[in-house]
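Please look through the structure below before reading my notes. The points are numbered so that you can check each one against it.

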Amino acid sequence: MINTTAVSKARRAAAVGAVLFTAAASVGLTAAPAEAATERAGCTVTPYVPEHLRHNTAGEKVIRYRVKVACDADRTVVIRWQGVEEDWSTWWNKDPDDGHFSITRSRTFGSEGTRTLVYDKQLPDTESGSEEMYQKVRFVVTSNGVESESTSWERTPYRSFRNG
Ligand SMILES: [Ca+2]
Ligand SMILES: [Ca+2]
């Protein structure tokens with residue numbers, strides 16, 4: 001039996017991809033790197049594409065969300081951190097992304113350094129077929145009592161994971 005949901009999802013993804021490709025070509029953009037970093041006030045934060053870590057005792061996939069944080073000395077960084085399952089809305093079919101987690105993490109650097117934050121969570125089941133997981137972060141930096149403005153949200157590409 002043909003899985004019509006998966007087929008229609010693939011068609012929608014292809015259609016969205018074609019539109020994005022056209023838009024990028026028309027303004028001469030190059031493809032974004034798989035992982036991009038944002039710098040603000042002496043801290044650089046890099047979110048990575050989610051990875052399959054292991055299976056839990058229920059037989060479900062546990063996904064690892066990883067963010068690298070590098071700061072100069074005397075910095076405190078507060079990161080808003082979300083995991084999301086991507087869907088594709090069109091004007092004729094509203095299908096917004098599914099929020100998965102939303103957390104805040106803070107790290108203080110007395111001296112210059114780099115730390116990796118990880119968050120592990122069971123893959124959600126939001127639809128038939130695979131789940132397209134990505135993560136996004138934004139952050140503020142405080143140094144000597146001065147707080148920076150927040151960065152904009154920075155998201156990773158998604159990675160597809162099959163449930164089970
Ligand atoms: Ca999806
Ligand atoms: Ca979904």
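**Notes on the predicted model**

1. Confidence. The protein has a mean pLDDT of 86, and 79% of its residues reach 70 or more; pLDDT is the predictor's confidence in each residue, from 0 to 100. Over residues 1-8 the pLDDT is below 50, and this stretch has seven contacts in the model beyond near neighbours in sequence. Two residues are in contact if their C-beta atoms, placed from the backbone, lie within 7 Å. Residues 15-31 also have pLDDT under 50, with two contacts beyond four places in sequence. Where pLDDT is low, the predicted coordinates should not be read in detail.

2. Conventions. This is a predicted model, in which local features need pLDDT of at least 70 and side-chain atom pairs count only at pLDDT 80 or more, while totals for chains, interfaces and linings use all residues. Residues are numbered from 1 along each chain as its sequence is written, and chains are lettered from A and ligands numbered from 1 in the order in which they are written.

3. Overall make-up. The protein has one helix and eleven strands, in the order α-β-β-β-β-β-β-β-β-β-β-β along the sequence. Helices (H or I, at least four residues) and strands (E, at least two) are DSSP runs, numbered from the N terminus. Of the contacts between residues at least 6 apart in sequence, 66% join residues at least 24 apart.

4. Burial. Of the 164 residues in the protein, 17% are buried. A residue is buried if 20 or more other C-beta atoms lie within 10 Å of its own, exposed if 12 or fewer, and partly exposed in between, with C-beta atoms placed from the backbone.

5. Cores. Which residues form the largest nonpolar core? The twelve are C43, V45, V67, V69, C71, V77, I79, W81, F109, V137, F139 and V141. A nonpolar core is a set of buried Ala, Val, Leu, Ile, Met, Phe, Trp, Tyr and Cys residues joined through C-beta atoms within 7 Å.

6. C71. Beyond its neighbours within four places in sequence, C71 is in contact with G42, C43, V77, F109, E112 and G113.

7. Strand β2. The covered face of β2 holds C43, V45 and P47, and the uncovered one T44 and T46. β2 pairs with β1 in the antiparallel sense over three bridges; two strands pair if DSSP finds at least two bridges between them. β2 and β4 also run antiparallel, joined by five bridges, and K68 in β4 is the bridge partner of T46.

8. T44. Is T44 buried or partly exposed? T44 counts as partly exposed because it has 16 C-beta neighbours inside 10 Å. Opposite T44 stands E39. Leaving aside neighbours within four places in sequence, T44 is in contact with A37, E39 and A70. V77 is 33 residues from T44 along the chain, and their C-alpha atoms are separated by 9.6 Å.

9. Positive phi. Most residues other than glycine have a negative phi. A41 has a phi near 55 degrees and lies in the turn of the hairpin that β1 and β2 form, with two residues between them. In the loop between β4 and β5, D74 has a phi near 60 degrees. D74 is partly exposed because 14 other C-beta atoms lie within 10 Å.
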